[in-house]
Amino acid sequence: MAEGSNIEADLVTMSTFYLTSAQKKEEMFKDLKLTVDPLNEIPAYAAPFTVQEGTIFYNTDIMKELHLPVPKSLKDLADPQYEGVLAISDIKQSSTAWLLFQALIDTYGEDEAKTILKDIYANAGDHLESSGSGPIKKVRLGEVALGFGLRHQAVKDKNEGLPIEYVEPEEGTYTLTESLAIINKGDDTNPEAEKMLNTIMEKGRSDLLAIYPSPIYDGEEADSIQVADNQKVFPEDLTAELLEQHQKLVD
């Protein structure tokens with residue numbers, strides 16, 4: 001977002017934490033007049049349209065074959081018994097891993113989280129993935145027994161009859177959102193951009209809920225099995241700068 005409000009685009013979409021950082025630095029987004037009502041407080045300049053939840057998932061066949069216990073918490077993933085059979089994504093390459101970091105930091109504090117993460121990274125070894133979808137792919141294929149990644153992917157696999165199960169971690173389920181925002185170009189702000197944004201919210205959310213099933217706006221519903229029971233929000237504003245700070249825990 002180095003161009004600031006000089007960017008050619010009128011409507012942008014990206015992780016909400018990037019939008020938050022850009023707004024704090026450049027004040028480059030206009031306040032929105034949404035035609036849908038959010039269930040929770042959201043920034044005036046951002047319209048969240050997907051929610052990603054993080055969770056533990058495992059291949060039931062491989063876990064049984066290796067006689068491994070099902071972990072109850074994210075902290076359990078640091079146990080040496082999971083060495084070489086765990087896949088996670090690398091926080092320096094995928095923000096999906098940040099969901100793991102947020103849960104550990106919020107629950108145990110940065111110092112203990114750093115120790116736990118060191119052991120989790122050691123257990124993952126060569127299965128430290130650059131993509132947020134990497135862990136579920138390896139678990140699905142039986143290359144590893146368990147992993148951490150996006151909850152909706154594990155739910156989908158289980159519903160399709162694959163030997164995949166998932167765990168609601170004792171620390172809770174943390175989330176990231178993606179949002180739409182409109183570039184504030186003053187008198188040159190494109191009036192069609194907000195119309196398009198609201199059309200996406202009004203017409204597109206039903207299809208998105210089939211993939212990312214967490215309700216965001218009034219009137220939306222999701223099957224209870226599709227959404228984590230204990231969703232939590234990290235106590236600090238999520239920004240690109242905070243992500244960089246947390247990345248240093250595994251330097």
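Predicted model: local features only at pLDDT ≥ 70, side-chain atom pairs only at ≥ 80, totals over all residues.
Me: Which residues of helix 1 are buried?

Reply: Helix 1 covers residues 16–26, and its buried residues are Thr-16, Phe-17, Leu-19, Thr-20, Ser-21, Ala-22 and Gln-23.

Me: What covers those buried residues of helix 1?

Reply: The cover includes strand 1 (11–15), helix 3 (96–124), strand 7 and helix 7 (240–247).

Me: How is the protein divided into domains?

Reply: Domain 1 is made of two segments, 11–51 and 175–240, while domain 2 takes 53–174. Taken over C-alpha atoms, the centres of domain 1 and domain 2 are 27 Å apart.

Me: How should I read the size of the interface between domain 1 and domain 2, and what area is buried there?

Reply: Interface size is often given as the accessible area that is lost when the parts come together. Here about 1600 Å² is buried between domain 1 and domain 2, and carbon and sulfur atoms give 56% of that area. In terms of residues, 21 from domain 1 are in contact with 17 from domain 2.

Me: Which elements of domain 1 give two or more residues to the side that touches domain 2?

Reply: They are strand 7 (173–182) and strand 8 (231–232). By residue class, the side of domain 1 that touches domain 2 has 13 nonpolar, 6 polar and 2 charged residues.

Me: Is Glu-220 buried or exposed?

Reply: The way to read this is to compare the relative accessible area with the cut-off, and buried means under 20%. Glu-220 has a relative accessible area of 17%, so Glu-220 counts as buried.

Me: Which partners does the side chain of Glu-220 reach, and at what distances?

Reply: One is the side chain of Arg-205, joined to that of Glu-220 by a polar contact of 2.8 Å. Another is the backbone nitrogen of Ile-216, which the Glu-220 side chain reaches at 2.8 Å.

Me: Which residues are in contact with Glu-220 once its neighbours within four places in sequence are left aside?

Reply: Those residues are Arg-205, Leu-209 and Pro-215.

Key: Residues numbered from 1 in each chain as written. Heavy atoms only, no water. Domains from an automatic or database assignment. Contact = heavy atoms within 4.5 Å. Buried area = accessible area lost by both parts, 1.4 Å probe. Helix = DSSP H or I, 4+ residues; strand = E, 2+ residues; numbered from the N terminus. Nonpolar A, V, L, I, M, F, W, Y, C, P; charged D, E, K, R; others polar. Buried < 20%, exposed > 50% of the residue type's maximum accessible area, 1.4 Å probe, protein only. Polar contact = N/O pair within 3.5 Å; in protein donor to acceptor, adjacent residues only side chain to side chain.
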